[in-house]
Amino acid sequence: MSDDIRFDLPQGAIPRQWYNVQADLPRPLPPVLHPGTHQPVGPDDLAPLFPMQLIMQEVSQDRWIDIPDEVREIYKLWRPTPLLRARRLEKTLDTPAHIYYKYEGVSPSGSHKLNTATAQAWYNKQEGINGLTTETGAGQWGTALAQACNFFDMECVVYMVRISYEQKPYRRAIMQSFGAGVTPSPSDSTNAGRTILEADPESTGSLGIAISEAVEVAATSGGKHKYSLGSVLNHVLTHQTVIGQEALGQMEIAGEYPDVIVGPTGGGSNFAGIALPFLHQNLTAGRDTKLLGVEPAACPSLTRGVYAYDFGDTVGMTPLLKMYTLGHGFVPPPLHAGGLRYHGMASIICELWDQKLLDMVAIPQLETFAAAITFAKAEGIIAAPEAAHGIAGAIREAQAAREAGDERVILFNLCGHGHFDMSAYDAYLGGELSNYEYPQAEIERAMEALPQVG
Ligand SMILES: *Cc1c(COP(=O)(O)O)cnc(C)c1O
């Protein structure tokens, strides 16, 4: 075991392939269904929205998918990302646990999202697409896609949840600096937006509504624009596996192997990114690492939702995905981790949870911010509020290790910095935040509105 606290890999160690867990799933993923016919969708159904190479990755059963050279060249701007041992945090917590974290906040966009944004923009460009539409809530995804489109001289159209648009002007300005067009959602530029505004002119928006708008613009662009999603889909999770692959090599340099891996889960992509390469070791190399996802108690899709077919958006335009869902009519609770306020979850994460190959825990908001402050004081990094859920999960593990008196090795994904989320920290420090448990009655009501799939 090393005395160092930072474990770097040379750029030559940037992975050359992504890991596709579909090759190793004990049972195949449930099919994606057409919203009208409820029949499994084929590649042609998805072609208006996504380039064919990404559609093929979505259903690929190949264990390894080559990372295009040009994408890997761009990854060199920030990859390999550092892996650190949080020795000062261990001391603060007075725990015998060894705590490591992989830091994705060093990417130019400030989070892991650029790993897939770069890949998605490249595949679209290859197929002659010159613009992408998308939605953004907290702003991390819109920022990443704006940068990625800029790398390849593509147009970027971002629908930004109105409340974030108003509360986070600097996020908007970053996207605009990279040339993206940013529209607050709901807007009157789409049928979906107009429908919402007619019912509620004061709507502050939601991720689900913004998805409806971005999908509509791509689907009606006559092939000029396609749509890009920053989480949930299989190809997105696959692109993020560069995180876990690098971490495997870095833990080897550190001379340890994780007993538990922790990551926050919104749509599931950063958690999958760090966890799936270790799941591969569990499934094929006799390892037994616990893989722990952390969701907010205010948006507990996996721990309290039901496993059912549901729409990915609010209006009901997307294909039906089988997922643990709180219902597509989910009303976002007052929660300061915008990136975790999604009603569903990636199919891959849902299947793995259903097959008991993952662990999940829901953590309330105040514990999450307290964890973020403890971490910031010890390690000097202000985490994104989403990432703080991973910290809180890791701290719970470290406390359990202290009680059990074991030297548990914990690795968590610090998936983004919080430099544009200081208003949330400000609210926390000013005592304005409270805990919020999503009401059971709301969940039951939303379940009645699930699409009926025979
Ligand atoms: C978007 C985002 C998340 C949530 O998305 P996942 O797909 O679950 O990773 C979490 N943390 C940060 C920093 C994000 O930007």
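Which residues of helix α2 (residues 52-59) are buried? In this predicted model, local features need pLDDT of at least 70 and side-chain atom pairs count only at pLDDT 80 or more, whereas totals for chains, interfaces and linings use all residues. Residues are numbered from 1 along each chain as its sequence is written, and side-chain values use heavy atoms, with hydrogens and water left out.

**View 1. The buried residues of helix α2 and the elements they pack against.** L54, I55, Q57 and E58 are the buried residues of α2, where buried means under 20% relative accessible area with a 1.4 Å probe, counting protein chains only. Helices are DSSP runs of H or I with at least four residues, strands are runs of E with at least two, and both are numbered from the N terminus. The four lie on the same side of α2, because they cover an arc of only 160 degrees around the axis, the arc being that of the directions from the helix axis to the C-beta atoms. Their packing partners are β2 (17-19), α1 (43-46), β3 (64-66), α5 (114-126) and α11 (234-239), with contact taken as heavy atoms within 4.5 Å.

**View 2. The surroundings of the ligand.** The ligand is surrounded by 17 residues, the closest being K113, S231, G266, S269 and N270; a residue is included if one of its heavy atoms lies within 4 Å. Oxygen atoms of the ligand lie 2.5 Å from a side-chain N or O atom of S231, 2.7 Å from a side-chain N or O atom of N270 and 3.0 Å from a backbone N or O atom of G267. Of the 380 Å² that the ligand exposes when taken alone, the protein buries 97%, with areas from the Shrake-Rupley method and a 1.4 Å probe.

**View 3. Strand β12 and its partner β13.** Strand β12 (residues 306-311) is largely enclosed by the rest of the structure, because 5 of its 6 residues are buried. It pairs with β13 (residues 320-325) in the antiparallel sense over 6 bridges, pairing being assigned if DSSP finds at least two bridges between two strands. Y309 stands opposite K322 in β13.

**View 4. The open sheet of 7 strands.** The order is β1-β4-β5-β15-β10-β11-β14, and the pairing is mixed. β1 (6-7) and β14 (359-363) stand at the edges with a single partner strand each, so one side of each is left without a neighbour in the sheet. Within the sheet, β5 (residues 98-103) and β15 (residues 409-414) run parallel and are joined by 6 bridges, and K102 has N413 in β15 as its bridge partner.

Note on methods
Buried means under 20% relative accessible area, exposed over 50%, partly exposed in between (1.4 Å probe, protein chains only). A polar contact is a pair of N or O atoms within 3.5 Å; within protein, one must be able to donate a hydrogen and the other to accept it, and residues adjacent in sequence count only if both atoms are side-chain atoms.
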